[in-house]
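Please load the model in a viewer and keep the sequence panel open beside it.

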Amino acid sequence: MLSMKFVVTLTLVIVTILGCVIDGYNCRIVQFIFGDSLSDVGNNEQLPKSLAKANLPWYGIDFGNGLPNGRFTNGRTVSDIIGDDMGLPRPPAFLDPNLDEDTILNNGVNYASGGGGILNETGGYFIQRLCMYKQIELFQGTQELIARKIGKNESRKFFEEARYVVALGSNDFINNYLMPVYSDSWKYNDNSFMDYLVGTLRDQLKILHGLGARKLMVFGLGPMGCIPLQRVLSTSGECQDKTNKLAKQFNEATDKMMQELSTSLTDATYKFGDAFDVVDDVIKNPNRYGFTNSDSPCCSFGRIRPALTCVPASILCKDRSKYVFWDEYHPSDSANMIIAKELIKKFKFTRVNEDDNGEGSPSPAPALGPVADAPTGAADAPSAADAPSGADAPSASS
C-alpha cells in the first residue's frame, strides 16, 4: 500500500506538470525586443511604404536557408546570439502574418524596426518605421491579447518573468540630429539634444516598467562614427570623431539613468550593455580578432560608394567572416558574435530555459560569396540600413 507521503508527493508532481500544460505558459521564459535595424527580424518587410528593408539577396545568406529573413546582416543579430546563449527562444516579428497568442506565449515578440528611433521624428525620410513609442503601443496590444487568452493574473506573471531588450539610439543621431534636413539639428546643441534623447528614453523605460518589464537590458551605442557610411562621407575616410563622442556621451548618460531607475523602480533589474570599447578595438585592431577589413562593407558596389543597401547585383567580399561590416551600416555575423560574447561575459548571463538550445542557427559561411559586376546606377539605390518608417505605422491591431 502506498504511503500517504508518497501519494501527496506524487499528487504535487502531477499538479505541477498539469499546471504547466494547462496554465502554463509560466514554464517558459521568453523575451520581448524593442529596437532598430540592428535587431529587426522582419517587421519592416510588412511595412509597404518603408524604404528600409532587408528583403533582397544577399541579406540572410549565412542564416538558415540563406534567403532574406528581415535581418539587416548576413547572419544573426546580437540579440539572437545572446538569447541563444541564455536558452531563450528567438521571438518572431510582431508584424509576422503567422503571429498568434500561442506563438507569443512560447516565443515572445520582436518589435524592432529598421530606422526606428527613440524619438518619433527620427528617420522620417524612410517613410515608414516603428519608433519606440509605437513599439510600446504594440506591446500594450500584445498584453491585452494575452490577458484575454490566459487571464489577467497569469498574464501579469508571464510578462513579469520575461526578459526585455531595448536597443535604439544610433538613428537618433545618424538619421536625425546629425542631418540638417531635420529640425532637431538646429533646435538643439549636443548637450540639450542628449538631455532630450535620454530623458525620452527614461520616460519610455518607466512605461515599460508599468507594463511589467522587470528584467531589462538597454544596449549602448558602438563607435557609430566608424561605420563605413560615416567614413566614406568624411573628407579623410577616417572615423568621424564628433559622432563617436556623441555615442560615448549617450552611453555615459544612459548608464547613469539606468542605475537610477534600477534603484527607484519596484523590483527592477535594469542593466546597461556597453560594448563601445570592444567594438572600437575590433575596428582599430581587426587582425587581433581574426578580421582583415574593418573600414568597408563586405557587400558593396566596389568603388561606387556609398551604395546604401546590399542588392543582388552587389559584389560580395571573398570571405564574409573576415569583414567587420556587412553593409554600409551594419556589422557582420562575425562581428555580432564578438559583441554578444563581450556582453555575455560582462553580465555573466545564465541560461533560463535549460531545455532550449537556440533555434535557426546560421549555416557556416561559404569560403567564397557570389560576385557580380557593379552596375553603373548603383549610387541611387535606396538605403536599407537603419531606415525608419513613417508616422502612419500600423496599430496594435494590424
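**Overall view**

Begin with the whole chain of this predicted model: of the contacts with a separation of 6 or more, 75% are between residues 24 or more positions apart. The protein contains twelve helices and nine strands. Of its 398 residues, 54% are buried.

**First selection: helix H2**

Select residues 78-86, which form helix H2. H2 is mostly covered, with eight of its nine residues buried. These buried residues are Val78, Ser79, Asp80, Ile81, Ile82, Gly83, Asp84 and Met86.

Keep H2 in view and select helix H12, residues 333-347. The two axes are 8 Å apart, and the helices pack at an angle of about 50°. H2 is therefore oblique to H12. Their crossing is right-handed. To inspect the contact, show the side chains of Val78, Ile81, Ile82 and Asp85 on H2. On H12, the partners to show are Asp333, Asn336, Met337, Ile339, Ala340, Leu343 and Ile344. Coloured by class, this contact displays eight nonpolar residues, one polar residue and two charged residues.

Is serine 50 buried or exposed? Its relative accessibility is 7%, below the 20% cut-off, so serine 50 counts as buried. A polar atom of the serine 50 side chain lies 3.1 Å from the backbone oxygen of glutamine 128.

Finally, select helix H6 (residues 170-177) together with helix H8 (residues 190-210). How do these helices cross? The axes of H6 and H8 come within 12 Å, at a crossing angle of roughly 130°. H6 and H8 are therefore oblique to each other, and the crossing is right-handed. Display Asp172, Phe173, Asn176 and Tyr177 on H6, which meet Asp190, Phe193, Met194 and Leu197 on H8. By class, the residues of this contact comprise five nonpolar, one polar and two charged.

Notes. Residues numbered from 1 in each chain as written. Predicted model: local features only at pLDDT ≥ 70, side-chain atom pairs only at ≥ 80, totals over all residues. Heavy atoms only, no water. Helix = DSSP H or I, 4+ residues; strand = E, 2+ residues; numbered from the N terminus. Buried < 20%, exposed > 50% of the residue type's maximum accessible area, 1.4 Å probe, protein only. Polar contact = N/O pair within 3.5 Å; in protein donor to acceptor, adjacent residues only side chain to side chain. Axes fitted to C-alpha atoms, helices over the stretch in contact; angles between N-to-C directions. Parallel < 35°, antiparallel > 145°, perpendicular 65-115°, else oblique. Left-handed = near helix turned anticlockwise from the far one by under 90°. Contact = heavy atoms within 4.5 Å. Nonpolar A, V, L, I, M, F, W, Y, C, P; charged D, E, K, R; others polar.
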